[in-house]
Amino acid sequence: MKKILNEMKLRLPAKSVNESVARSCISAFIAEANPTVEELCDLRCAVSEAVTNCIVHAYRDCTGEGYYIYISVRLYESREVSVEVSDNGCGIENIELARTPMFTTGEPNERCGMGFLVMDNFTDSLTVKSRVGKGTSVLMRKILSPVSTGEK
Ligand SMILES: Nc1ncnc2c1ncn2[C@@H]1O[C@H](COP(=O)(O)OP(=O)(O)OP(=O)(O)O)[C@@H](O)[C@H]1O
Ligand SMILES: [Mg+2]
């Protein structure tokens, strides 16, 4: 069993203002583990992409209130960070195709189909699960480097 040092769960309405709220919360949570600036930026960026996808794609046909993004973050003793971003939106028909760089179902002038590539490149592992009409869950894991003691 991996030992959990800390964990956080967020439920945010699917509004674009919450992209930056999610980024800030993740930063504050991870900062406690003394990540490098690069590790922090990587995770912020990966989470941003996942949250944006919920707003732009998962709930694209949904109007009104009651649509949420669920974020679950864990820090393990091994310095692994796991972040799961999920929604109850439209789901993805073909995950392999969706993960192909430059594939997008979004507006061509606004989207370039690079979100999953960013999540993949900025983390150590990316698992996408989805059911059409039920929703999508994106699980990202990243191992933080050991904390430097500052000794020379
Ligand atoms: N949470 C989600 N719910 C439904 N569909 C999704 C979700 N996330 C991604 N997708 C689908 O996967 C495709 C690829 O996502 P990806 O993030 O790689 O690119 P994009 O969002 O289209 O463009 P970009 O992220 O570069 O702005 C999306 O166009 C969409 O069809
Ligand atoms: Mg995207």
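**View 1. Helix α2 in the shell around ligand 1.** In this predicted model, α2 provides the largest share of the shell around ligand 1, namely six residues. The shell comprises 22 residues in total, and the closest to the ligand are N53, A98, T104, T105 and G115. Two helices, α2 (37-58) and α4 (115-121), each contribute at least two residues to this shell.

**View 2. The largest nonpolar core.** This core has 27 residues, of which I26, V47, V51, C54, V83, V85 and M119 touch the most other members. Two or more residues come from each of α1 (17-31), α2, β2 (68-76), β3 (80-87), α4 and β5 (135-143), and the largest share, eight residues, is that of α2. Apart from its neighbours within four places in sequence, V85 is in contact with V47, A50, V51, C54, I69, I71 and V138.

**View 3. The five-stranded sheet.** The strands form an open sheet in the order β1-β2-β3-β5-β4, with antiparallel pairing. Because β1 (4-13) and β4 (125-131) stand at the edges and have a single partner strand each, one side of each is left without a neighbour in the sheet. From one strand to the next, the twist averages 10 degrees. The antiparallel pairing of β1 with β2 extends over nine bridges, and M8 stands opposite V73 in β2.

**View 4. Helices α1 and α2 across the sheet.** Helix α1 lies across β1, β2 and β3 and runs at about 170 degrees to β1, whereas α2 lies across β2, β3 and β5 and runs at about 10 degrees to β3.

Methods: Residues numbered from 1 in each chain as written. Chains lettered and ligands numbered in written order. Predicted model: local features only at pLDDT ≥ 70, side-chain atom pairs only at ≥ 80, totals over all residues. Near = placed C-beta within 6 Å. Helix = DSSP H or I, 4+ residues; strand = E, 2+ residues; numbered from the N terminus. Core = buried A, V, L, I, M, F, W, Y, C linked by C-beta atoms within 7 Å. Buried ≥ 20, exposed ≤ 12 C-beta atoms within 10 Å, placed from the backbone. Contact = placed C-beta atoms within 7 Å. Pairing = 2+ DSSP bridges. Axes fitted to C-alpha atoms, helices over the stretch in contact; angles between N-to-C directions.
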